[in-house]
Amino acid sequence: MGQRIVLDPVTRVEGHAKITLYLNDAGEVADARFHVTQIRGFEKLVEGRPFDEMPALMARICGICPVSHLVASAKACDALMAVVIPETAANLRRVLNLAQLVQSHALSFFHLSSPDLLLGMDGEPAQRSIFQLMETHPGLARDGIRLRQIGQQIIEWLAGKRIHPSWVVPGGVATPLDAERRDRMLALLPEAIEIVNRTLTWYRESLVRFEAEIRTFASFPSLFLGLVGPDGALEHYDGTLRITDAEGRIVADELDPASYADFIGEAVEPWSYLKFPYYRPLGYPAGIYRVGPLARLNLAGRCGTPRADEAWTELTAGESRPLLSSFHYHGARLVEVLHGLERIEAILRDPDILDLRVRARAGPNRLEGVGVAEAPRGTLMHHYRIDENGLMTWVNLIIATGHNNLAMNRGILQVARHFVRGDHITEGALNRVEACIRAFDPCLSCSTHAVGQMPLRIELVGPDGAVLDQIARR
Amino acid sequence: MRALVVGIGNPLRGDDGLGPHVIERLREEGIGCLSREGVDRLRADETACLHQEDVDVGVDLLACHQLTLELAEPASRVGLVIFVDASADTTPGIVTCRRVPPLDAESAGATSHHCSPELILSCAELLYGHRPAGWLVSVGAASFEPGATLSLAARGAVAAVLKRCRGLLRASEVPPLRSVYLS
């Protein structure tokens, strides 16, 4: 192995990471690694804590998707209590979860990825910032801000605050919903749906400019994993797990999420703090699979809400399904936002959503519990064990982004082989490597979400240690 | 004319909580009236039925962990924005006050963890058609360690910060301040 190119840090993603590209003596990319360079340690930090503190503690894992951790953690606690929560509580949690989907997908699409989609991947860095986007596409920038704001507003009205709310509790939710707040939420939805429809229109029209990226951004056969509802449609709160393959065939279905460890293993590599989940029957690393918006739409096949189903059909017209290129995560996000808004409306229009019975109360009745929900980035799993006093003794978390770790590594290798040549580093080539990661919208835990760019230096080092080339962003 | 005072920081990280602390002190003095909810309600419909606590007395107060782009629109609806923040680059306890300049395009690529006052106000103009006057009142921080208490240096600076904020509000001819119901 001759030379090495390092991208450190990766920009416009959430969290800290770097990418290393290894070149052979012919200057071709021979290998690539996506290193997650931060460690949070929550699985150890919570040992000894009372289990009913877990939702509030787990929400602190992330500032972008705290609701996802709240929901998965609360479900694990429901299992420890051995309760079935009131249906109204489940639906309120659903609305909260979907509102987070809306705001998180809006952040990812508009703030993190749209500079690439609209301003091109080859321009100078100063021309590819969110601020530049505001100058060239102010309407779109306003749409992105407003859509995210709507999602966050629903979260605040339901749960009391936008970041790290404590409203989701073991057994249900803390307080019921009143008619005034419900009506305010309903009033926001038409504007949000219009924004998504506008965005889908220009996104569909823009796809023709990205044929090379669509071919090379983590476009390969893999399994897909996610929750589905009882009718096989898109599901984000409950349901069972389904796994499908690259031809769309169901590999495993109606899997109990609590038994995830039977079919998902976790490998560890010394060069990254992020674990490598894999599908056990195929072993590591052959058991590579993807989760998240594209995976969910691939394996469900339909959304179950009319506007989203129509949008997905239009977006995938002429394409063979399932879609294998991870570039299509962008479009899948928009369709999921539309679906989320439709489902929120349907749930809020049910009079039972105002029922006052929103919490089941019990002490610990089991020593082990698993909670699984779909976070914006994919399937999120919280697995807890407690002692007889209800104190935490062991935790295992499989974060949504972790499921995609193998796929992200393979993806950057694929795109780097196509766009990077060892004798010359171009800004566009390196941006495409990063953009491939951004398509997955990884949440490397809230440390950074760049709306522009961060200082970055990339060095090309020869086998004798000499720096052959370097580029820097200031 | 209306004004917006934004206290920036995490109340659980020592002196980083100075901004939100100042907002609470301003509320206790009777300055400001609109909760976030009130701001949203008015923004959604200016003719909406208002509650007692929504009555406009000229100053909106907002405490937030960090600046986000969502602040650009409410900023565009006022004539003056005062940002209050702790600073790691200033001697502990020292209060500085500077106008928020137009955004330098070269530095526009800030991270959203460092979404600056300059970016917010420039976005207000770029996206919503109006750039308010802006001031940044900073206090040198002694510590950002976990904890809900301000350091001695930061506590000692609060009176000066409040005086500065009141002075800026008066100078901008914001309507008379009066006590109102706070949600």
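Reader: Which residues does B:S122 touch, not counting residues up to four places away in sequence?

Author: The model is a predicted one. B:S122 is found in helix 4 (residues 117–128) of chain B. Leaving aside residues up to four places away in sequence, its contacts are A:F131, B:P102, B:L103 and B:R131.

Reader: Does B:S122 count as buried or exposed?

Author: Burial requires a relative accessible area under 20%. The relative accessibility of B:S122 is 8%, so this residue counts as buried.

Reader: How are helix 7 and helix 12 of chain A oriented, roughly parallel or roughly antiparallel?

Author: Two packed helices are described by the angle between their axes and the distance between the axes. For helix 7 (residues 179–206) of chain A and helix 12 (residues 329–348) of chain A, the axes are 10 Å apart and the angle is about 155°. Angles over 145 degrees count as roughly antiparallel. Helix 7 of chain A is therefore, relative to helix 12 of chain A, roughly antiparallel.

Reader: How do the residues of the contact of helix 7 with helix 12 of chain A divide into nonpolar, polar and charged?

Author: On the side of helix 7 of chain A, the contact includes A:L186, A:L189, A:I193 and A:V196. Helix 12 of chain A contributes, among others, A:L334, A:L338, A:L341 and A:E345. The residues of this contact divide into two charged, four polar and 15 nonpolar.

Reader: Which strands stand at the edges of the open sheet of four strands in chain A?

Author: The order in this open sheet of chain A is 9-8-7-12, with mixed pairing.

Reader: How many residues of strand 13 of chain A are buried?

Author: Strand 13 (residues 368–375) of chain A pairs with strand 14 (residues 378–386) of chain A in the antiparallel sense, over eight bridges. A hairpin of two residues joins strand 13 to strand 14 of chain A. Strand 13 of chain A is largely enclosed by the rest of the structure, because its buried residues number seven of the eight.

Technical notes:
Residues are numbered from 1 along each chain as its sequence is written. Chains are lettered from A and ligands numbered from 1 in the order in which they are written. This is a predicted model: local features need pLDDT of at least 70, side-chain atom pairs count only at pLDDT 80 or more; totals for chains, interfaces and linings use all residues. Side-chain values use heavy atoms; hydrogens and water are left out. Two strands pair if DSSP finds at least two bridges between them. Axes are lines fitted to C-alpha atoms, for helices over the stretch in contact, and angles run from 0 to 180 degrees between N-to-C directions. Angles under 35 degrees count as roughly parallel, over 145 as roughly antiparallel, 65 to 115 as roughly perpendicular and the rest as oblique. Contact means heavy atoms within 4.5 Å. Ala, Val, Leu, Ile, Met, Phe, Trp, Tyr, Cys and Pro count as nonpolar, Asp, Glu, Lys and Arg as charged, and the others, Gly among them, as polar. Buried means under 20% relative accessible area, exposed over 50%, partly exposed in between (1.4 Å probe, protein chains only).
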